[in-house]
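Here are my notes on this model, as numbered points. Have the coordinates open while you read.

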Amino acid sequence: MSIKVPKSIDLNVKNCESVQRISLAAQNGGVKSVLMIPTIKPIYDKLHLAYNLKRANESKFNLLVAIEGIHDGKLTDISILKDKGASAIYINSDEDMNLLKRVFEYAEFLNIPLFVNCNNKALSSGIMHDSEMAYSLGVSGIPIYAESAEVAKIYELAKHFNVKTIFQSVTSKDSVEILKNKPENVYVDVCIDNLYFSDENLKDFNSLYKTFPPLRSETDRIALLEACENGIVDFISSNHIATSNKDVPLEEAEFGISKLDIFSQLAYSLPLKNETVTKLISTNPAKLFGIEINEYITLEKGEYNVELENFASKGKNCPYKTLKYKIV
């Protein structure tokens with residue numbers, strides 16, 4: 001059996017490798033466009049923005065670039081960067097509150113989406129989710145409230161500004177509970193890893209599952225899947241992080257899971273209705289950025305092995321073994 005679906009739009013690809021590699025990996029994964037998130041390398045001025053857009057143009061790839069709204073404790077030139085082609089603003093939630101308010105003001109005035117990573121860095125120096133599994137492994141944990149407390153804070157700001165505010169990579173049942181009655185300008189994004197895996201996958205010190213934000217409990221995973229079906233979650237993204245330093249002790253391993261090369265295949269392999277997946281990885285992201293849905297892929301159902309050697313991404317740090325769909 002095969003299905004024809006729109007190409008995906010991935011709203012969370014970290015800038016951890018070249019634009020050319022990202023474009024090739026996206027092609028493998030049935031992805032029409034990606035939003036580059038500047039967490040690995042800074043994108044806060046005209047030079048950094050122009051470089052990435054130029055490389056995308058050379059690769060004939062529809063790259064959306066999010067620029068940092070706050071860099072080194074100061075506001076960036078948001079208005080100028082939007083004029084130069086920035087598609088979104090990206091901020092961390094634990095910046096100075098006055099700076100956060102000013103970023104919201106700029107985003108409202110310029111009518112540009114604001115992506116927020118809700119995480120308290122002071123509470124997030126651990127290796128994985130703060131749980132019995134972390135205790136059994138003898139490693140430090142990252143508590144749920146490092147995220148949920150920040151979600152509550154940003155949610156209060158978002159209610160006072162007419163800004164398209166995207167809570168990026170929400171991981172917990174507690175955060176979903178805060179956001180369940182969100183207004184129309186608030187959107188919830190979930191990383192696909194948190195829909196497949198839980199902290200239990202890190203048993204035996206398996207560093208392939210070490211990522212950030214961390215994999216949470218099985219209860220959180222199920223709550224996120226339910227939130228996808230009931231309309232609380234608006235986007236599923238990859239949180240693609242291409243790393244290679246995984247064959248080391250868990251504490252030393254890099255954070256991140258590579259999966260852009262198989263993103264659409266993974267999404268339709270989730271225990272969700274196909275129409276739900278289409279909405280969360282294609283229709284909703286297209287509406288957010290005004291992208292026309294005019295490219296489609298055909299997926300054939302079966303059981304297929306993930307072939308890491310065929311990844312265009314430099315990151316082969318992928319724990320996914322099988323897929324229910326492949327692109328034909």
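Predicted model: local features only at pLDDT ≥ 70, side-chain atom pairs only at ≥ 80, totals over all residues.

1. Numbering starts from 1 along each chain as its sequence is written, and side-chain values use heavy atoms, with hydrogens and water left out.

2. Now the sheet. It is open, has eight strands in the order β2-β3-β4-β7-β8-β11-β12-β13, and pairs in parallel. (Strands, E, at least two residues, and helices, H or I, at least four, are DSSP runs numbered from the N terminus; two strands pair if DSSP finds at least two bridges between them.) At the edges sit β2 (8–14) and β13 (235–237), each pairing on one side only. From one strand to the next, the twist averages 25°.

3. Zoom in on β2 and β3. Five bridges join β2 to β3 (residues 31–37), and the two run parallel; isoleucine 9 stands opposite serine 33 in β3. Helix α1 (residues 19–28) packs on the sheet and touches β2, β3 and β4 (62–68), with its direction at about 140° to that of β3. (Contact is heavy atoms within 4.5 Å; axes are lines fitted to C-alpha atoms, for helices over the stretch in contact, with angles from 0 to 180 degrees between N-to-C directions.) Seven of the seven residues of β3 are buried, so β3 is largely enclosed by the rest of the structure. (Buried means under 20% relative accessible area, exposed over 50%, partly exposed in between, with a 1.4 Å probe and protein chains only.)

4. Back to the largest pocket, which holds about 540 Å³ of space. (A pocket is an open set of points on a 1 Å grid over the protein atoms alone, where a 1.4 Å probe fits, with protein on both sides within 12 Å along at least five of seven lines; lining residues have an atom within 4 Å of a point. Points are joined across faces, edges and corners, and the volume is the space filled by probe spheres set on them.) Its lining has 25 residues, with Lys14, Thr39, Tyr90, Asn92 and Asn117 nearest the centre. Both β2 and β7 (88–92) give two or more residues to that lining, and β7 gives the most, three.

5. The second largest pocket has a volume of about 300 Å³. Of its 14 lining residues, Ile262, Gln265, Asn305, Glu307 and Asn310 are closest to the centre. The largest share, four residues, comes from β15. By class, the lining has seven nonpolar, four polar and three charged residues.

6. Two side chains are worth a click. Glutamine 168, in strand β11 (residues 165–168), is buried at a relative accessible area of 5%. Beyond four places in sequence, its contacts include Leu11, Tyr90 and Asp189. Glutamate 150, in helix α6 (residues 145–158), is also buried, at 6% relative accessibility. Which residues does glutamate 150 contact, leaving aside neighbours within four places in sequence? They are Ser93, Asp94, Cys118, Asn119 and Asn120. Glutamate 150 also lies 9.5 Å from asparagine 92, C-alpha to C-alpha, though they are 58 residues apart in sequence.

Technical notes:
Nonpolar A, V, L, I, M, F, W, Y, C, P; charged D, E, K, R; others polar.
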